[in-house]
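Trainee: I'm new to this one, could you walk me through it? Let's get it on the screen before we start.

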Amino acid sequence: MRAVLGIDVGLSSVRAAVVAADGRLLGHARSSQPPLRGTGRDAERHVTDWTAAIPRVARDSLVAAGSPPIEMIGIGALGPCPVMLDAGGMALGSVPLFSLEAGAEAERQHLLADGTIAAHLLGPDHVIPRLRLWQRQRPDEFARAVMVVDATGYLVGWLTGRPVMDPATAIDHRCHGLPQPLPLPQILEPTSIAGGLTPAAAELLGLPAATPVCVGTYDSFADLAGAGVVADGDAGLLLGTTAVVGKVIGRATAETAVAAAGLRATPHAGAGVLVGGWTSTSGSLVDWAGRLFPDTDRAPPPGPGASGLIAIPYFAGERAPHWDVAASGAFVGLSLATTAGDLRRAAIEGVALSILDIADRIAAVAGAVPVFRAAGGGLRNSQWTQMTADALGGSVLAIADAGEAIGPASLALRAAGIDFAARFDCEIVADRRRHDAFRELLTIYRRSYPALRDTMQAMQKFRSTRWNSP
């Protein structure tokens, strides 16, 4: 039986999946990650958290699958997560996760101040401002660095001895008009072969030395590829810790028009470019609301907004469409009649509205999308999935084995020359009445952030200056 191994490194867990040539999941495993170092914008992780977990989940998934021969290994990891490497390929220091800390954001604003660089080319997650900050704050480590990679490229290098980077990741590591603070590794397509397992890595994973490893990419792009979002016209939705919404277009599109819509057009693990956007919170906010506001109401409201609440889901800043690290969350419409269940549902509705907002912007620049192919562990939450389909107004095809490392495995299958066809469990169809309600709410939702932006920024400034809190 032909089979591949997919490895997915996320924010809170590391997962592995053994997948057959026909796309069937043969075995899987996961391992929780230790707590992050630092909080908020300063959250970091050390690469040893990843390298300690990967051998465990790889071996466990292989045993669960019956230990078939593995033809290829694929990796998808969260990012941007810049890793500085010394001449021996060792990581220097901890790895930041996602959003910029305050110092790097100030560096980004400084670089944008003269107007010569377009803001969409140097977004809040871009690596160059952080590297420039490290050059001042961590001069000893920076002086020893010979290269910067991202999480996926680091892990591929750890397994093969050859650090790499794919084109989608490179977008966040270089910017026309700015010097490169540190050299990048060779940039190759996600399904190119980076190299074979070194003897040491093979022993850790329990696989033969020289087992090939493909270049891989961000976990979100891998997951979209695993849902079959690879060709012109394909549209995808990723429901995870964050949400990603995108449509593949084969034709050239005006970069300025895409940026004006609050979106990005980037390379991905397929043909053409992916036009879309990604959020800073989604599943993380749904989980937060579930913990704080258990839904015990016996008779929930009949539809979106029926409780009189609307939630602004920017609880960790926001990427698309505002790209504002200072954005924050809000509930509007609170009253003495508001229940915990109302707050929980409003949070999920806010996430659904965020997804609808991005989808509408995609339709304006790349054409309407009647069907989204969906991946991500959020598909296991039936309430969130149905609300998302209702908001979008079309249908959502839910991938089989959602939440497992199918995406990286799909890259490995393609790298091995095996045609991969995504497998879907079900189709979630929108409720027309609820969609109409979401449409009305979207108008209110879009007015809310501009109206509250100054207040959000003032509160962050007050907190940081008055209480010295990040």
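Trainee: What does Thr 385 touch, not counting residues up to four places away in sequence?

Mentor: Leaving those out, Thr 385 touches Leu 239, Gly 378, Leu 379 and Ile 428, where contact means heavy atoms within 4.5 Å. Keep in mind that this is a predicted model, in which local features need pLDDT of at least 70 and side-chain atom pairs count only at pLDDT 80 or more, while totals for chains, interfaces and linings use all residues. Residues are numbered from 1 along each chain as its sequence is written, and side-chain values use heavy atoms, with hydrogens and water left out.

Trainee: Is Thr 385 buried or exposed?

Mentor: Thr 385 is buried, with a relative accessible area of 4%; buried means under 20% relative accessible area, exposed over 50%, and partly exposed in between, using a 1.4 Å probe and protein chains only. A polar atom of its side chain lies 3.3 Å from the backbone oxygen of Gly 378.

Trainee: And which helix is Thr 385 in?

Mentor: Thr 385 is in helix H12; helices here are DSSP runs of H or I with at least four residues, numbered from the N terminus.

Trainee: How do H12 and H14 cross?

Mentor: The axes of H12 (residues 382–392) and H14 (residues 432–467) come within 7 Å and cross at roughly 70 degrees, the axes being lines fitted to C-alpha atoms over the stretch in contact, with angles from 0 to 180 degrees between N-to-C directions. That makes H12 roughly perpendicular to H14, a label for angles of 65 to 115 degrees.

Trainee: Which residues make that contact?

Mentor: Met 387, Asp 390, Ala 391 and Leu 392 of H12 meet Arg 434, His 435 and Phe 438 of H14.

Trainee: Switching topic, what about Thr 152, where is that?

Mentor: Thr 152 is in helix H5, residues 151–160, and is buried, with a relative accessible area of 5%. A polar atom of its side chain lies 2.9 Å from the backbone oxygen of Thr 217. Beyond four places in sequence, Thr 152 touches residues including Ile 75, Val 215 and Tyr 218.

Trainee: Last one, how many residues of H8 are buried?

Mentor: Eight of the eight residues of H8 (residues 219–226) are buried, among them Phe 221 and Leu 224. After H8 comes Gly 228, whose phi is positive, near 85 degrees.

Technical notes
Helix = DSSP H or I, 4+ residues; strand = E, 2+ residues; numbered from the N terminus. Polar contact = N/O pair within 3.5 Å; in protein donor to acceptor, adjacent residues only side chain to side chain. Parallel < 35°, antiparallel > 145°, perpendicular 65-115°, else oblique.
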